[in-house]
Amino acid sequence: MLRALSHPVYRRLFLAQVVALAGTGLATVALGLLAYDLAGAHAGGVLGTALAIKMVAYVVVAPIASAVVARLPRRRVMVGADVLRCAVAAALPFVGDVWQVYVLIFVLQAASATFTPTFQSVIPDVLPDEDDYTAALSLSRLAYDLESVLSPVLAAALLLVVPAASLFAGTSIGFAGSALLVLSVAVPRTGAGTPDGATDEQTGEDEPFAVRVRRGARLFTRTPALRPVLALNLAVAAAGAFVIVQTVVIVRSSFGQGDGTVALVLAANGAGSMAGAFALPRVLRRVDERRVMLTGAALLTGATALVPLALGLSDTRAGLLVVSGLWVVVGLGWAAAETPVGRLIRRSVPGRDLPAAFAGQFSLSHACWLVTYPLAGWLGAAGLGRAALVLAAVAAAAGIAAAALWPRTDTSHERPSAGSAPSAPADPSLPLPQNGATIGATTGTGDARAEASAQG
């Protein structure tokens, strides 16, 4: 997995991602403390609204931002987003009203919705080798998991020596460090594979703004190889939302344990995800994405469906151990279903469309979370076991839909023969694939987030 870090440009970009995520983790803790200072006992409502605003910003802003910055150099876009995030984080300690928090959070998350898909679109151009790119996806997944585990620990240590408002200064430093690291590298231009002298009509740069806004979503709905991803996003969000929303209720109410146990049980989910990220590069050398991703969906579905049995155990220790084990399985399935998505995107769309495609994935995946977060909360209020079964059913249906949508013909590694015409795109508004990228390409073997980060 570490072979990707031997590439100097990627190494600096990955470090930029890590320091930005560390700053984001500090902001999560600081925001909770700020909400309590402003709203007291109503801090939960403030945080819930802030999270909803975050998801709305992700869903709405990502495709619009992709269209707005389509003609701008990607390095300039990422640095500008980091500078804006740095400024917002620096301003948060000085707010005096809840509405100001909401406005700043929207601006901060809008900047993140611009930065993240752009960052994700750069990595395939920096690492053209599929083995290296697979390693980068797993490293990104690890970065997100470590951020969720280590940032609260770092925040707790800092709070021993500095006031809570100073955590936002750490956030600003993280974003500033990210901007400097991005500035230190040469970022390839969008669609480096587009032939020299291509016209605006060929590259799609003369399209109306509204068409460019919809481009990422249209790529997913019109490209057969990407349609299963839409369903898998829902499967991951259904199981993941139950874990994130209801773990504190399970630990505190069902088993009568304290906050430290809540953190440990949530850490089990992160441990499962990290284990998956470590294993995927090796697994994907031998197993195609379809099998890996559908197996991941099956694992997180089955683990969620078994939650009522764990809640029914009379022994507290046994119940907590079983729940933690199920959370490990959910994390493992989560990584398996989500991490290889970048490989499918890179293989299925032309290089010039990578920013739009990653923006589409960012927006569409978070739209699933926007639905499942409140669903997990509302259903949990009526009964944890029933909520787990309903969300498991949602994940199962999504997994079945993904299997049905997955194209049966494997053309993922086929390249047009000399002199042959590329496959026609499914939608006239989408460009013809170039350099062997096949619209409608499906799975293939080869080496396995970065998402990351896709996690939200």
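Helix 9 passes helix 16 in a left-handed crossing, a crossing being left-handed if the near helix is turned anticlockwise from the far one by less than a right angle, and right-handed if clockwise. Helices here are DSSP runs of H or I with at least four residues, numbered from the N terminus. The model is a predicted one, in which local features need pLDDT of at least 70 and side-chain atom pairs count only at pLDDT 80 or more, while totals for chains, interfaces and linings use all residues. Residues are numbered from 1 along each chain as its sequence is written, and side-chain values use heavy atoms, with hydrogens and water left out.

Helix 9 covers residues 227-254 and helix 16 covers residues 384-405, and the two pack at an angle of about 165° with their axes 8 Å apart; axes are lines fitted to C-alpha atoms over the stretch in contact, and angles run from 0 to 180 degrees between N-to-C directions. Helix 9 and helix 16 are therefore roughly antiparallel, a term for angles over 145 degrees. The contact, meaning heavy atoms within 4.5 Å, involves residues including P228, L232 and F242 of helix 9 and L391, V394 and L405 of helix 16. Its residues divide into 19 nonpolar, three polar and one charged, where Ala, Val, Leu, Ile, Met, Phe, Trp, Tyr, Cys and Pro count as nonpolar, Asp, Glu, Lys and Arg as charged, and the others, Gly among them, as polar.

Helix 1 (residues 8-39) and helix 6 (residues 166-183) pack at an angle of about 160°, with 8 Å between their axes, which makes helix 1 roughly antiparallel to helix 6. Helix 1 passes helix 6 in a left-handed crossing, and their contact has 16 nonpolar, seven polar and one charged residues.

Helix 10 (residues 259-283) packs against helix 13 at an angle of about 35°, with the axes 7 Å apart, and passes helix 13 in a right-handed crossing. Among the residues that meet are V265, G272 and L280 in helix 10 and V323, W327 and W334 in helix 13; by class, this contact has 14 nonpolar, seven polar and no charged residues.

A cavity is a set of points on a 1 Å grid over the protein atoms alone where a 1.4 Å probe fits but cannot get out, and lining residues have an atom within 4 Å of a point. The lining consists of L232, N233, V236, A337, E338, V341, S365 and W369, and its largest share, three residues, comes from helix 9.

Methods
Angles under 35 degrees count as roughly parallel, over 145 as roughly antiparallel, 65 to 115 as roughly perpendicular and the rest as oblique. On a 1 Å grid over the protein atoms alone, a cavity is a set of points where a 1.4 Å probe fits but cannot get out, and a pocket is an open set with protein on both sides within 12 Å along at least five of seven lines; lining residues have an atom within 4 Å of a point.
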